[in-house]
Amino acid sequence: MRRTALVAGAARGVGALAARRLAAAAWDVVAVDTDEVGLAATALRSPNTHVRTCDVTDPEDVADILGVTGAVHRLVIAPPPAYATPPAYAPPGALEAPLDEVMRRAFLGPAALVSAALPGMLERGAGEVIVIVPSGASPATAAAAAAGRAYVEALAAEHRGRGVAFRCASPRAGVPDRLVLDEIDRSLARPGDVHVAPGGRPGPLRLALRRPRPPRASAPPR
């Protein structure tokens with residue numbers, strides 16, 4: 001049986017690379033984004049990649065896409081591109097987009113896509129949900145990344161034992177896309193893993209979950 005992957009944010013970066021890798025591995029790939037030119041480049045010379053323009057923050061777009069794909073075997077959500085400059089509606093002097101806009105694009109939209117695709121996986125008893133959270137030092141981006149990690153963790157706990165694997169990748173800024181995807185693929189062979197932090201050091205959530213060691217008692221003076 002042919003496996004179907006839905007890749008959101010597939011017009012650039014790690015999303016485009018994920019779509020191309022899956023297509024090369026003989027998956028049927030549905031690549032979605034709002035950037036038609038980028039999608040065309042992703043699907044170049046790949047007959048089993050099908051592109052659709054889709055805004056994952058729009059419920060109607062999401063419903064239309066899943067109506068075409070049906071239950072998918074793997075869902076990959078790549079982070080949206082960072083704003084090079086604040087949008088026109090940002091307050092004067094703002095250094096980044098407003099928090100509500102960043103959360104909408106980087107967390108609320110992806111979370112809605114996961115919740116729409118998940119029932120089909122649960123009904124079949126098999127599937128993979130992979131969410132790559134945005135990296136960046138801005139407060140809004142950090143908030144969206146933390147929300148994404150917490151959401152995937154909660155889903156994994158709620159649906160444990162039902163055949164769906166959940167992965168949330170938290171790459172540090174500057175980690176090559178190929179290394180991010182390599183680490184995700186390796187983690188899928190390790191049952192129970194939820195968080196992936198490629199780049200050689202634990203991601204923020206792993207650090208937060210690590211229990212502090214009790215202070216070592218100093219030896220009494222002789």
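In which element does Leu181 lie? Leu181 lies in helix H6; helices (H or I, at least four residues) and strands (E, at least two) are DSSP runs numbered from the N terminus. The model is predicted, so local features need pLDDT of at least 70 and side-chain atom pairs count only at pLDDT 80 or more, whereas totals for chains, interfaces and linings use all residues. Residues are numbered from 1 along each chain as its sequence is written, and side-chain values use heavy atoms, with hydrogens and water left out.

The protein has seven helices and seven strands. Along the sequence they follow the pattern β-α-β-α-β-α-β-α-β-α-β-α-β-α. Of its 222 residues, 45% are buried. Buried means under 20% relative accessible area, exposed over 50%, and partly exposed in between (1.4 Å probe, protein chains only). Contact means heavy atoms within 4.5 Å. Among contacts between residues at least 6 apart in sequence, 62% join residues at least 24 apart.

In soluble globular proteins, nonpolar side chains tend to be buried together. A nonpolar core is a set of buried Ala, Val, Leu, Ile, Met, Phe, Trp, Tyr and Cys residues joined through side-chain atoms within 4.5 Å. The largest such core here holds 29 residues. Leu6, Leu75, Leu113, Val129 and Phe166 touch the most other members. Two or more residues each come from strands E1 (4-8), E2 (28-33), E4 (74-77), E5 (127-132) and E6 (164-169), and from helices H3 (59-69), H4 (99-124) and H5 (139-158). H4 gives the most, with six residues. A second, separate core has 24 residues, including Val14, Ala19, Ile132 and Val180.

Val129 belongs to the largest core.

Helices H4 and H5 pack against each other along one stretch of contact. Their axes come within 8 Å and cross at roughly 20 degrees. Axes are lines fitted to C-alpha atoms, for helices over the stretch in contact, and angles run from 0 to 180 degrees between N-to-C directions. H4 and H5 are therefore roughly parallel to each other. Angles under 35 degrees count as roughly parallel, over 145 as roughly antiparallel, 65 to 115 as roughly perpendicular and the rest as oblique. H4 passes H5 in a right-handed crossing. A crossing is right-handed if the near helix is turned clockwise from the far one by less than a right angle, and left-handed if anticlockwise. From H4, the contact takes in Leu99, Val102, Met103, Ala106, Phe107, Ala111, Val114, Ser115 and Leu118. These meet Ala140, Thr141, Ala143, Ala144, Ala147, Gly148, Tyr151 and Leu155 in H5. By class, the contact has 14 nonpolar, three polar and no charged residues. Ala, Val, Leu, Ile, Met, Phe, Trp, Tyr, Cys and Pro count as nonpolar, Asp, Glu, Lys and Arg as charged, and the others, Gly among them, as polar.

The axes of H1 (residues 13-24) and H6 (residues 177-188) come within 9 Å and cross at roughly 55 degrees. H1 and H6 are therefore oblique to each other. Their crossing is right-handed. Gly13, Val14, Leu17, Ala18 and Arg21 in H1 meet Asp177, Arg178, Val180, Leu181, Asp182 and Asp185 in H6. This contact has five nonpolar, one polar and five charged residues.

Leu181 is buried, with a relative accessible area of 8%. Apart from neighbours within four places in sequence, Leu181 is in contact with Val14, Leu17, Ala18, Arg21 and Ile132. The C-alpha atoms of Leu181 and Ala169 are separated by 8.9 Å, with the two residues twelve apart along the chain.

Ala19 is found in H1. Ala19 counts as buried, at 0% relative accessibility. Not counting residues up to four places away in sequence, Ala19 touches Val7, Ala10, Val29, Ala31 and Thr42. Ala19 and Ala8 are eleven residues apart along the chain, and their C-alpha atoms are separated by 9.0 Å.

Ala26 is partly exposed, at 42% relative accessibility. Arg45 is exposed, with a relative accessible area of 77%.
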